[in-house]
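Keep the structure open while you read.

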Amino acid sequence: MPHHHPNSAYDKTALVFQGGGALGAFQAGAYEAFHEFDVEPGWYAGISIGAVNCAIIAGNRPEERCDKLRSFWNLITSGPPDGDVDWGMGLGGIFGVKAASVLGTAASLTGGAPGFFAPRWPLNLSALPGSAEATSIYDTGPLVETLCQHIDFDLLNAPGSARISLGAVDVETGNFTYFDNREMTIGPEHIMASGALPPGLPWIEIEGRKYWDGGLVSNTPLAHVLRECEGDTLVFEVDLFPARGPLPQTLIDVEERRKDITYSSRTRMNTDAFRERHALKTVLRQVIDKLPPEARDTPEVRQAEAFAADHRVTLVHLIYRHEGFIGASKDYEFSRTSMLRHWQQGHDDASEVLANNDWREPPTKDEAIAIYDLDRARRIKARHGVEGIPIHHKQTSKAGDQST
């Protein structure tokens, strides 16, 4: 392990967590690797289950965070108490794992997830219109106590604490919003609002407004972080839905592929927008520098100077990739077996990224943003069958895929 902070070359380090339900265990495993490598971000931004993970991390002291994450994920999943991750293989290899996944899905659909959500059973068809019973299938009441058990909200909101930004959408206006502890006191309701995915989960009311899962508008807070970051910033983005995937062969494949496309991050689109803003700021800076001193001492020019402030971003991108037997229910299959598989894969992928040194230095001012994409490097390696290529492919302004 490094004896110095590996992110010390940056003014700010941010951790960006996408939504994805049960797949969020991948993010928990990834954070465990960040902690082991002494990478402790000062800004956490999440949506849906990513908001829950971010809040647990930010709402605990560094030495307690991994234990609290593991406690949460053990609580909301069901399966063998010893957590034997290979138990499904004993039923017949991949067939056994598929069978275990089907059983886990059925258990989640009919029984909910302990400490997270419970079914409204039987459904009350005569419920008052507009009520939670009439507009959702499950009750998330158990989540309030679970969040209070796993998050120190006084610490989360204390002055000087890590920044946290949680995305949600206003049900009536359709407007996207972020709950940020730099602007308000974050409570369980803000975390729950970010993950209130309809029609399964009920909207959450906050100060007279009703909110649903932010993933309905954008399933990643990357654009928010890139827009608001100041100074040289290192961003770790951990996504749970890949934009790329094989051509579906069955209706189940179609549903899984639809979900991946719908909820995947448009990382290239966001980074291209960042580069365009950087180019505009560069030109504006050059124009301001050409002004005579007497012309620069005006409120308008001072405002332009503030906008033209320059900074660089390094984005390290991790994407969960299923193992070939996870289907369309992967985001609501809360079995202990699947959780442990996701957790281990997140830990392994993050460790592979962090062991590389390329991302530790900011890009040049001309580059503005550098992207290290483990998934893309693996695809290149598989396509060309070459060994020894860098694990993390640094994208230039013309490299990469808009869909990644």
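This is a predicted model: local features need pLDDT of at least 70, side-chain atom pairs count only at pLDDT 80 or more; totals for chains, interfaces and linings use all residues.

1. For α3 (residues 65-76) and α6 (residues 141-150), the angle is about 160° and the axes are 10 Å apart. Angles over 145 degrees count as roughly antiparallel, so α3 and α6 are roughly antiparallel to each other. The crossing of α3 past α6 is right-handed.

2. α3 also packs against α14, at an angle of about 150° and with the axes 10 Å apart. The two helices are therefore roughly antiparallel as well. From α3, the residues involved are Cys66, Leu69, Arg70, Trp73 and Asn74, and they meet Arg336, Met339 and Trp343 in α14. By class, this α3 contact with α14 holds 5 nonpolar, 1 polar and 2 charged residues.

3. Then there is α1, which packs with α3 at an angle of about 165°, the axes again being 10 Å apart. That makes α1 and α3 roughly antiparallel too, and here α1 passes α3 in a left-handed crossing. α1 contributes Ala25, Ala28, Tyr31, Glu32 and His35, while α3 contributes Arg65, Cys66, Leu69, Arg70 and Trp73. The residues of this contact divide into 6 nonpolar, 1 polar and 3 charged.

4. On to the interior. In soluble globular proteins, nonpolar side chains tend to be buried together. Which residues of the largest nonpolar core touch the most other members? They are Leu15, Phe34, Trp73, Ile191, Phe236 and Trp359, out of 71 residues in that core. Helix α2 (residues 49-58) supplies the largest share of this core, with 8 residues.

5. Leaving aside residues up to four places away in sequence, Phe34 touches Leu15, Val39, Phe236, Val238, Ala350 and Leu354. There is also a second, separate core of 15 residues, with Ala14, Trp43, Leu315 and Ala368 among them.

6. Asp38 has a phi near 65° and sits in the loop between α1 (25-36) and β2 (43-47). Ala368 has a phi of about 70° and lies in the loop between α14 (336-354) and β11 (369-373).

7. Are those two residues buried or exposed? Asp38 counts as partly exposed because its relative accessibility is 29%. Ala368 counts as buried, because its relative accessibility is 1%.

8. Last, a proline pair to check on screen. The peptide bond from Pro198 to Pro199 is cis, with omega near -5°. Pro199 is found in the loop between α8 (188-194) and β7 (204-206).

Notes
Residues are numbered from 1 along each chain as its sequence is written. Side-chain values use heavy atoms; hydrogens and water are left out. Axes are lines fitted to C-alpha atoms, for helices over the stretch in contact, and angles run from 0 to 180 degrees between N-to-C directions. Helices (H or I, at least four residues) and strands (E, at least two) are DSSP runs, numbered from the N terminus. Angles under 35 degrees count as roughly parallel, over 145 as roughly antiparallel, 65 to 115 as roughly perpendicular and the rest as oblique. A crossing is left-handed if the near helix is turned anticlockwise from the far one by less than a right angle, and right-handed if clockwise. A nonpolar core is a set of buried Ala, Val, Leu, Ile, Met, Phe, Trp, Tyr and Cys residues joined through side-chain atoms within 4.5 Å. Buried means under 20% relative accessible area, exposed over 50%, partly exposed in between (1.4 Å probe, protein chains only). Contact means heavy atoms within 4.5 Å. Ala, Val, Leu, Ile, Met, Phe, Trp, Tyr, Cys and Pro count as nonpolar, Asp, Glu, Lys and Arg as charged, and the others, Gly among them, as polar.
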